[in-house]
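This report describes a single protein chain, moving between its salt bridges, its strand pairing and its helix packing. Please read it alongside the sequence and the coordinates.

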Amino acid sequence: MGRVTERRKVLRIRDGVVSTRPDTLVAEEPLEIRLNGRPLAITMRTPGDDFALAAGFLVSEGVLAQASDLRNIVYCAGATADGSNTYNVVDVQTAPGVALPDFTLERNVYTSSSCGLCGKASLDAVRTTARWPIADTPPLRVTPELLADLPVRLRAAQRVFDRTGGLHAAALFSEDGELLDTREDVGRHNAVDKLVGRALQNAALPLSRTILMVSGRASFELAQKAVMAGIPVLAAVSAPSSLAVDLAAETGLTLVGFLRGSSMNVYAGEHRIALREAAAQG
């Protein structure tokens, strides 16, 4: 298994003083995801929680929706010419009867750690493949004060970031603000996949009473992953993309961006934000 961090010697310059010292860097390695023995995708990730990452990726692709859909996940031995196990190839084995993607149209390509999809076809694909419509009944309601506290709590849980300064993070919170789980990865979408994959493995989908908090921007792909897991609220410290806002509006996702201190922008799903009447009128 690869390490989460690695050490490298760096030349350090501070106020004209030059020195050498070891520095801690976040590890980045490729992970090939196979589905029932057939290559499906390659992503760059921080090693760790690889099985959850693969499971979460397949939730976002519409292949898996519940724990019973998953038969097993294994590392592939013999992944190199000498037969050794690099722990960089996983095979997800689905249960009988699970519909598989059309391998003639598969995402069997390199996927960067900040990748995304685009276009109306992507919106249509999410709309037609989502297993868990965002229909929280009664509607989840969160206050601006609760949302304002989430970035601080997420930052406090970023243990590897404290050592490297080079990781994205994602966390699941309950509607009362309780931290349920947090994951870190060099790719923001990988961190979300790890959260969703763990929820699938624990038979916790759909995540219909939770809030997803991410450390960076809210891309279309992150909104997609929230929708596919049934998460009703996505909050980000930075800006959303226009396609993420479109997807949120079409699916009923509450999308909050620029969540910094007591300030935030609500781009869609404002009915879940519990505003005081005076504030709402202002």
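Glu 32, at 17% relative accessibility, counts as buried. Glu 32 and Arg 34 form a salt bridge, their closest N and O atoms being 2.8 Å apart; the term requires a side-chain nitrogen of Lys or Arg within 4 Å of a carboxyl oxygen of Asp or Glu.

## Basis of the description

The model is predicted, so that local features need pLDDT of at least 70 and side-chain atom pairs count only at pLDDT 80 or more, while totals for chains, interfaces and linings use all residues. Residues are numbered from 1 along each chain as its sequence is written, and side-chain values use heavy atoms, with hydrogens and water left out.

## The chain as a whole

The chain has 282 residues, of which 49% count as buried, and its secondary structure comes to 8 helices and 13 strands. Helices (H or I, at least four residues) and strands (E, at least two) are DSSP runs, numbered from the N terminus. Among contacts in the chain with a separation of 6 or more, 55% are accounted for by residues 24 or more positions apart, contact meaning heavy atoms within 4.5 Å.

Strand 3 (residues 29-35) pairs with strand 4 (residues 38-45) in the antiparallel sense over 7 bridges, pairing being assigned if DSSP finds at least two bridges between two strands. Within this pairing, Ile 33 stands opposite Ala 41 of strand 4. The two strands form a hairpin with 2 residues between them, and Asn 36 in the turn has a positive phi of about 50°.

## Further salt bridges

Side chains of opposite charge can pair when their charged atoms come close. A search of the whole structure finds 9 salt bridges. One of them joins the side chains of Arg 45 and Asp 50 at 2.8 Å, N to O; Arg 45 counts as buried at 0% relative accessibility, and Asp 50 counts as buried at 2%.

Another salt bridge joins the side chains of Arg 209 and Glu 175 at 3.0 Å, N to O. Arg 209 lies in the loop between helix 5 (188-201) and strand 10 (210-214), and Glu 175 in the loop between strand 8 (168-174) and strand 9 (179-185), so the pair ties together parts that are 34 residues apart in sequence. Arg 209 is partly exposed at 26% relative accessibility, and Glu 175 is partly exposed with a relative accessible area of 26%.

## Packing of helix 1 against helix 5

Helix 1 (residues 50-60) and helix 5 pack at an angle of about 90°, with their axes 6 Å apart; axes are lines fitted to C-alpha atoms, for helices over the stretch in contact, and angles run from 0 to 180 degrees between N-to-C directions. Helix 1 is therefore roughly perpendicular to helix 5, a label that covers angles of 65 to 115 degrees. The contact includes Phe 51, Leu 53 and Phe 57 of helix 1, and Val 196, Arg 198 and Leu 200 of helix 5.

## Helix 7

In helix 7 (residues 242-251), Leu 243, Ala 244, Val 245, Leu 247 and Ala 248 are buried. Just after helix 7, Gly 252 takes a positive phi of about 90°.

Definitions and conventions
Buried means under 20% relative accessible area, exposed over 50%, partly exposed in between (1.4 Å probe, protein chains only). Angles under 35 degrees count as roughly parallel, over 145 as roughly antiparallel, 65 to 115 as roughly perpendicular and the rest as oblique.
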